[in-house]
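Here is a short briefing on one protein chain. Keep the sequence and the 3D view open as you read.

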Amino acid sequence: MSEGMIRAVDKMGRVVIPKEYRKQLGIENEVDSFEIKCEGDKLILKKHQPYCVFCNQIGPSVKIAGHDVCINCIDRLNEAREQLK
């Protein structure tokens with residue numbers, strides 16, 4: 001008994017996520033990324049939500065040295081920099 005769509009794994013180890021699921025989850029090609037983990041015999045894909053490395057807030061952020069930093073923390077860092085002057 002199948003619980004969903006069947007997709008083959010290609011020779012590079014890739015599996016195509018069906019368009020219906022991408023649309024349902026708001027996944028944009030070449031924009032979104034996934035967190036991948038294994039639980040028993042299941043492979044879990046979760047749409048990655050960037051979170052601030054300082055406050056863990058999920059939402060708009062910019063990459064600084066490979067880490068996501070939210071606008072609020074950028075403002076706080078700028079304030080701290082001004083105190084050093």
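Start with a facing pair: Cys-38 stands opposite Leu-43, a residue of strand 2. Bear in mind that this is a predicted model. The points below go from strand pairs to surface, charges and confidence.

- Strand 1 covers residues 34–39, and strand 2 covers residues 42–47.
- The two strands run antiparallel, and six bridges join them.
- Two residues sit between the strands of this hairpin.
- Gly-40 takes a positive phi near 60° in this hairpin.
- Is strand 2 mostly buried or in the open? Strand 2 lies largely in the open, because zero of its six residues are buried.
- Leu-45 belongs to strand 2. Its relative accessible area is 46%, so Leu-45 is partly exposed.

- Strand 3 spans residues 61–64, and strand 4 spans residues 67–70.
- These strands are antiparallel too, and four bridges join them.
- Val-62 stands opposite Val-69 of strand 4.
- Which residue is the bridge partner of Lys-63 in strand 4? The partner is Asp-68.
- Ala-65 lies in the loop between strand 3 and strand 4. Its phi is positive, near 50°, although Ala-65 is a residue other than glycine.
- Ala-65 counts as exposed, because its relative accessibility is 74% and the cut-off for exposed is over 50%.

**The loop between helix 1 and strand 1**

- Helix 1 covers residues 19–25, and the loop that holds Ser-33 lies between this helix and strand 1.
- Glu-30 is also placed in the loop between helix 1 and strand 1.
- Glu-30 has a positive phi of about 60°, yet it is not a glycine.
- At 87% relative accessibility, Glu-30 is exposed.
- Ser-33 has a relative accessibility of 37%, so it counts as partly exposed.
- Which residues does Ser-33 contact, leaving aside its neighbours within four places in sequence? Ser-33 is in contact with Lys-46, Lys-47 and His-48.
- Ser-33 and Gly-66 are 33 residues apart in sequence. From C-alpha to C-alpha, they are 15 Å apart in space.

**The segment before helix 1**

- Ile-6 is found in the segment before helix 1.
- Is Ile-6 buried or exposed? Ile-6 is exposed, because its relative accessible area is 67%.
- Ile-6 and Cys-70 are 64 residues apart in sequence. Their C-alpha atoms are 39 Å apart.

**Salt bridges**

- How many salt bridges are counted? The count comes to five.
- One of them joins the side chains of Arg-14 and Asp-10, at 2.9 Å from N to O. Asp-10 is partly exposed, with a relative accessible area of 33%.
- Another links Lys-37 to Glu-39, with an N to O distance of 3.1 Å.
- Lys-37 has a relative accessible area of 47%, so it is partly exposed. Glu-39 counts as partly exposed as well, at 44%.
- Lys-85 and Glu-82 also meet in a salt bridge, at 3.5 Å from N to O.
- Lys-85 is exposed, with a relative accessible area of 71%. Glu-82 is partly exposed, at 47%.

**Confidence in the prediction**

- The mean pLDDT of the protein chain is 90. A value of 70 or more is reached by 98% of its residues.
- Where is confidence highest, and where is it lowest? Confidence is highest in helix 2, residues 71–84, at a mean of 94. Confidence is lowest in strand 3, at a mean of 89.

How values were computed. Residues numbered from 1 in each chain as written. Predicted model: local features only at pLDDT ≥ 70, side-chain atom pairs only at ≥ 80, totals over all residues. Heavy atoms only, no water. Buried < 20%, exposed > 50% of the residue type's maximum accessible area, 1.4 Å probe, protein only. Contact = heavy atoms within 4.5 Å. Pairing = 2+ DSSP bridges. pLDDT = per-residue confidence, 0-100. Salt bridge = Lys/Arg side-chain N within 4 Å of Asp/Glu carboxyl O.
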